[in-house]
Amino acid sequence: MDTTPDPRRWWGLAAIGLAQLMVVLDMTIVNIAMPTAQADLGISDADRQWIITAYTLAFGGLLLLGGRMGDVFGRKRIMIIGLAGFAAASAFGGLSQTFAMLIIARALQGMFAALLAPAALSMLNVTFTEPRERARALGVYGAIAGGGAAIGLMLGGLLTQYVDWRWTLTVNVPIAVVAIIGTVMFLHDHSTHGIHAKLDVPGAVLATGGLLAIVYGLSEAEQNGWTSTLVLSMFAIGAVLLTAFILVERRTPHALLPLHLMRDRNRAGALLTVGLTQIGMFGVFLFLTYYLQGVQGFSPMKTGFAFLPMVLGMMSGAVGISARLLPRVGPRRLMLPGMLIAASALAFLTQIQVDSSYWLHIFPGLIALGLGMGMTFMPSMATATGGVRGTDAGVVSATLNTTQQVGGSIGIALLNTVAATATANWIADNAATTPAEMAQAAVHGFTTAMWISVSAVLLAALTAAILINVRPTHGRGSTPVAPATGVPANDQAVAVTAASHEGGPAEMRP
């Protein structure tokens with residue numbers, strides 16, 4: 001793979017960042033607009049969940065296929081198709097006049113996001129190959145990935161309150177146009193020599209079907225219960241299909257997910273860390289949004305801006321700390337303190353009460369949570385996506401995005417169930433009837449579920465401590481390139497290389 005630095009690569013990073021922002025933004029910007037959209041289109045309480053679920057089903061289920069399509073047909077081409085399709089689907093959603101139109105638009109958004117997200121991340125990985133530059137680029141990307149969800153809440157509140165809920169969808173159109181122009185002008189596909197990828201159709205069908213079944217089961221767990229026939233059937237079908245997928249991939253020359261990539265302990269540890277930390281993140285977005293609007297009486301715009309401290313914390317953690325220190329200290333020494341800070345912040349937020357002060361009880365927790373997550377996301381993504389062949393960059397990026405999506409889906413389903421059960425038990429135990437007592441019951445449910453988030457982040461820290469052992473580069477000496485990978489052999493700061501299964505020299509191993 002050609003590793004000559006592109007002189008326009010930083011402008012290309014701006015296009016990649018816009019694409020990632022649009023995908024992450026859409027996961028949360030619609031949340032605050034849901035009550036208004038529900039009333040406008042006459043959507044029932046039972047059906048309103050599909051405004052979110054239609055997106056997550058298509059996105060989570062098609063990510064691996066989308067990642068491999070970028071490897072086969074060209075990442076720049078797939079990125080442009082994803083951007084254009086996402087913009088068109090967003091415009092269609094903004095013009096929706098019925099519930100069915102809105103759900104179709106959300107599903108189409110998820111489908112094109114599954115093309116766009118892995119293409120954008122893999123373009124970053126093949127554009128920035130020098131260790132220090134790649135660390136800085138991933139720091140920016142990580143800040144966008146982590147903070148984009150909070151920005152979506154702020155922008156969603158602003159648009160819903162002062163413009164119209166439909167603009168929470170339509171706002172993607174101008175963003176996509178600018179990103180397409182930047183992609184055409186500043187990004188290009190890096191060529192590979194002697195390596196030809198093909199589309200693994202059986203693997204695509206099995207992986208997509210298995211992930212769709214599991215994500216659908218998770219989305220239905222809140223409403224039907226974890227032991228319902230529907231949920232258990234979906235989990236069983238998903239498990240069978242994914243088991244068959246693994247068996248097929250072991251015998252397929254051009255596998256959709258090359259299994260040797262998952263044998264790397266560092267990559268596996270980074271992916272598990274990302275998935276587990278998503279539970280903590282989604283818990284905060286979910287419960288604090290309801291807490292601020294339903295208990296504290298915040299407006300949609302005020303609720304959105306209340307999350308701004310977390311965005312600032314993430315930017316500081318990802319760009320100000322991780323991007324600067326990663327080449328010197330390695331990922332584990334950043335991830336462990338980052339996750340411990342995040343877990344402490346979540347534990348602090350479990351102490352909120354009905355009459356808690358935002359500045360005393362919420363603001364400090366959000367700042368610390370953002371800082372910890374920013375320190376964690378950037379080195380996690382770097383370790384998970386680095387050290388692969390050029391033709392595998394897309395599928396590894398898709399695997400990372402799939403882990404994030406599935407982790408978030410598990411978080412929503414699990415935390416909602418725990419919170420609802422705790423709230424119902426508190427009401428029954430205290431014979432609650434008054435509005436004040438009902439508010440207290442809701443806060444009890446939120447804080448009880450948040451302890452699950454604390455446990456998940458601590459488990460992620462333990463996983464990183466055991467599995468991740470990448471050494472730092474310290475920024476010294478030359479940076480030889482690993483044969484057949486196009487990745488600097490000593491790029492231990494951002495990823496463990498594929499030496500163990502590519503026959504590289506001994507110094508490439510962690």
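This is a predicted model: local features need pLDDT of at least 70, side-chain atom pairs count only at pLDDT 80 or more; totals for chains, interfaces and linings use all residues.
**Overall composition**

The protein contains 17 helices and zero strands, and buried residues account for 57% of its 510 residues. When contacts between residues at least 6 apart in sequence are considered, 81% of them join residues that are at least 24 apart.

**Helix H14 and its packing against H12**

Helix H14, which covers residues 358-385, has 28 residues and spans 38 Å from its first C-alpha to its last, a value close to the 40 Å expected at 1.5 Å a residue. Of these 28 residues, 20 are buried, so H14 is largely enclosed by the rest of the structure. At the N-terminal end, H14 is capped by Ser357, a side-chain oxygen of which lies 3.4 Å from the backbone nitrogen of Trp359. After H14 comes Gly387, a residue with a positive phi near 70°.

Helix H12 (residues 308-329) packs against H14 at an angle of about 35°, and the axes of the two helices are 7 Å apart. The crossing of H12 and H14 is right-handed, and the residues that form the contact of H12 with H14 comprise 19 nonpolar and six polar ones, with no charged residue among them.

| Residue | Helix | Relative accessibility |
|---|---|---|
| Leu41 | H1 (residues 9-41) | 15% |
| Thr303 | H11 (residues 300-306) | 0% |
| Val396 | H15 (residues 393-430) | 3% |

Leu41 belongs to helix H1, which runs over residues 9-41, and the C-alpha atoms of Leu41 and Gln97 are separated by 6.8 Å although these two residues are 56 residues apart along the chain. Once residues up to four places away in sequence are set aside, Leu41 touches Ser96, Gln97, Thr98, Leu102, Trp165 and Arg166.

Thr303 sits in helix H11, and its relative accessibility of 0% is why it counts as buried. The side chain of Thr303 reaches the backbone oxygen of Ser299 at a distance of 2.8 Å. Leaving aside neighbours within four places in sequence, Thr303 is also in contact with Thr289, Leu292, Gln293 and Phe298.

Val396 is placed in helix H15, and with 3% relative accessibility it counts as buried. Between Val396 and Pro118 there are 278 residues of separation in sequence, while the C-alpha to C-alpha distance in space is 8.0 Å.

Ala431 lies in the loop between H15 and helix H16 (435-467). Most residues other than glycine have a negative phi. Ala431, however, has a positive phi of about 50° although it is not a glycine.

How values were computed. Residues are numbered from 1 along each chain as its sequence is written. Side-chain values use heavy atoms; hydrogens and water are left out. Helices (H or I, at least four residues) and strands (E, at least two) are DSSP runs, numbered from the N terminus. Buried means under 20% relative accessible area, exposed over 50%, partly exposed in between (1.4 Å probe, protein chains only). A polar contact is a pair of N or O atoms within 3.5 Å; within protein, one must be able to donate a hydrogen and the other to accept it, and residues adjacent in sequence count only if both atoms are side-chain atoms. Contact means heavy atoms within 4.5 Å. Axes are lines fitted to C-alpha atoms, for helices over the stretch in contact, and angles run from 0 to 180 degrees between N-to-C directions. A crossing is left-handed if the near helix is turned anticlockwise from the far one by less than a right angle, and right-handed if clockwise. Ala, Val, Leu, Ile, Met, Phe, Trp, Tyr, Cys and Pro count as nonpolar, Asp, Glu, Lys and Arg as charged, and the others, Gly among them, as polar. The expected span of a helix is 1.5 Å times one less than its number of residues.
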